[in-house]
Amino acid sequence: MADIHFGSPEENKATITTPNPEEASLAEKTPSPSDLEVNENGLSSEELNDANKIKVTVADYNTPLIILFGAPACGKTMTLVRLTRYLRGKGYTVQPETSFRPAYDQQYKEMCDNFDQMINSEDAAQSTNKINFMLVQVMHKGKPLCQILEGPGEYYFNPGDPKAAFPKYVNAIINSSNRKIWAIMIEPDSTNRRMDSEARKNYVDKIHRLKTKISPQDKIIFVFNKIDETNFVLGPGRINYKQTFERTKYLYPNIFVPFANENPITKFFAPYNFDFVAFQTGDFSEATDGTLTFEDGHEVYPRKLWEVISKRLRG
Ligand SMILES: Nc1nc2c(ncn2[C@@H]2O[C@H](COP(=O)(O)OP(=O)(O)OP(=O)(O)O)[C@@H](O)[C@H]2O)c(=O)[nH]1
Ligand SMILES: [Mg+2]
């Protein structure tokens with residue numbers, strides 16, 4: 001398979017961090033009643049006016065977090081949907097963490113209640129419009145393996161306000177004691193109208209800022225989503241990885257610079273401290289009634305992504 005693997009050196013092996021109950025709640029607690037007017041995204045007006053007031057809770061600080069990090073519309077929600085479908089098909093249990101958002105977020109509650117229906121729906125908008133914040137737990141044979149976290153792209157990188165600092169809740173996630181795998185999403189230049197060359201440069205700066213904050217024990221996976229929109233697909237699931245990697249460096253100048261492997265020995269066979277995975281969530285087409293329908297992409301994509309995640313979960 002034309003597949004370049006960019007492994008991490010041995011010394012970067014993650015250790016399981018000591019649980020710290022105080023970190024379980026990742027933001028301030030009980031809001032006042034006047035702040036509880038909730039908009040259609042499930043955010044209270046207080047949260048909407050000030051992203052630093054957004055409240056999320058990761059109650060399980062022992063199970064590693066997979067954080068889908070990326071600009072708006074890069075495909076985080078659909079990646080979560082596709083991975084969930086794949087994992088369920090392989091006998092894993094994937095279920096939403098109801099405590100992730102406060103009780104006033106009715107939309108979150110509804111999403112948790114209707115999770116199965118939403119995951120199985122062919123109406124892509126059902127997922128992309130409704131899944132705003134999401135934390136799901138992945139279990140196998142009753143044992144929790146990881147938690148996958150999805151949040152609105154604008155709080156990771158907002159093309160309209162590219163220099164904005166991360167809101168408090170993102171910093172709290174960065175600093176939580178969970179072991180973490182950062183799935184940093186990138187995409188072709190033609191697939192996201194808000195991500196022009198200037199925005200991509202700013203996104204690179206944001207990724208570099210993230211890199212300065214995250215623990216050296218965290219793992220990084222660059223996920224090149226929407227690979228179906230490139231010329232690098234040779235056949236179902238067969239990707240010209242070398243070209244995809246070179247294209248990424250061209251589209252996102254200097255993106256990989258802070259991730260170079262500095263180890264004088266291992267750098268010759270593992271030049272970078274990350275994995276690089278090409279991905280497609282699915283095929284999207286507009287039905288005659290205007291709805292965007294979603295058809296799973298080839299299974300090789302979630303299988304490969306899950307393989308890499310599983311490997312990094314092991315250390
Ligand atoms: N061609 C192609 N388009 C995709 C793929 N994945 C997602 N898309 C398109 O990208 C759009 C946005 O996907 P989402 O998953 O909602 O993006 P997101 O990153 O969750 O966006 P925010 O929640 O706004 O941050 C979808 O409606 C699709 O049109 C893919 O694999 N291939
Ligand atoms: Mg989303």
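Which residue of strand 4 does Ile67 stand opposite? Ile67 faces Leu149 in strand 4. The model is predicted.

**Strand 1 with strand 4**
- Strand 1 spans residues 65-69, and strand 4 spans residues 143-150.
- The two run parallel and are joined by 4 bridges.
- The residue pair Ile67 and Leu149 belongs here, with Leu149 on the strand 4 side.

**Strand 6 with strand 9**
- Strand 6 covers residues 219-224 and runs parallel to strand 9.
- Here, too, 4 bridges make the join.
- Phe224 has Ala278 of strand 9 as its bridge partner.
- Strand 9 covers residues 275-278.
- Asp275 and Val277 point one way from strand 9, while Phe276 and Ala278 point the other way.

**Helix 3 and its cover**
- Helix 3 takes in residues 106-113.
- Its residues Tyr108, Met111 and Cys112 are buried.
- These three span an arc of only 100° around the axis, so they lie on the same side of helix 3.
- Gln106 and Asp113 are exposed, on the face turned away from the buried side of helix 3.
- The cover over the buried residues of helix 3 includes strand 2 (93-96), helix 4 (115-120) and helix 5 (124-130).

**Helix 2 against helix 9**
- Helix 2 (residues 76-89) packs with helix 9 (residues 300-314) at an angle of about 85°.
- Their axes are 10 Å apart.
- Helix 2 and helix 9 are therefore roughly perpendicular to each other.
- On the helix 2 side, the contact is made by Arg82, Leu83, Tyr86 and Leu87.
- On the helix 9 side, Pro302, Arg303, Leu305 and Trp306 make the contact.
- The contact residues divide into 6 nonpolar and 2 charged, with no polar ones.

How values were computed:
Residues numbered from 1 in each chain as written. Chains lettered and ligands numbered in written order. Predicted model: local features only at pLDDT ≥ 70, side-chain atom pairs only at ≥ 80, totals over all residues. Axes fitted to C-alpha atoms, helices over the stretch in contact; angles between N-to-C directions. Parallel < 35°, antiparallel > 145°, perpendicular 65-115°, else oblique. Contact = placed C-beta atoms within 7 Å. Nonpolar A, V, L, I, M, F, W, Y, C, P; charged D, E, K, R; others polar. Buried ≥ 20, exposed ≤ 12 C-beta atoms within 10 Å, placed from the backbone. Pairing = 2+ DSSP bridges. Arc of directions from axis to C-beta.
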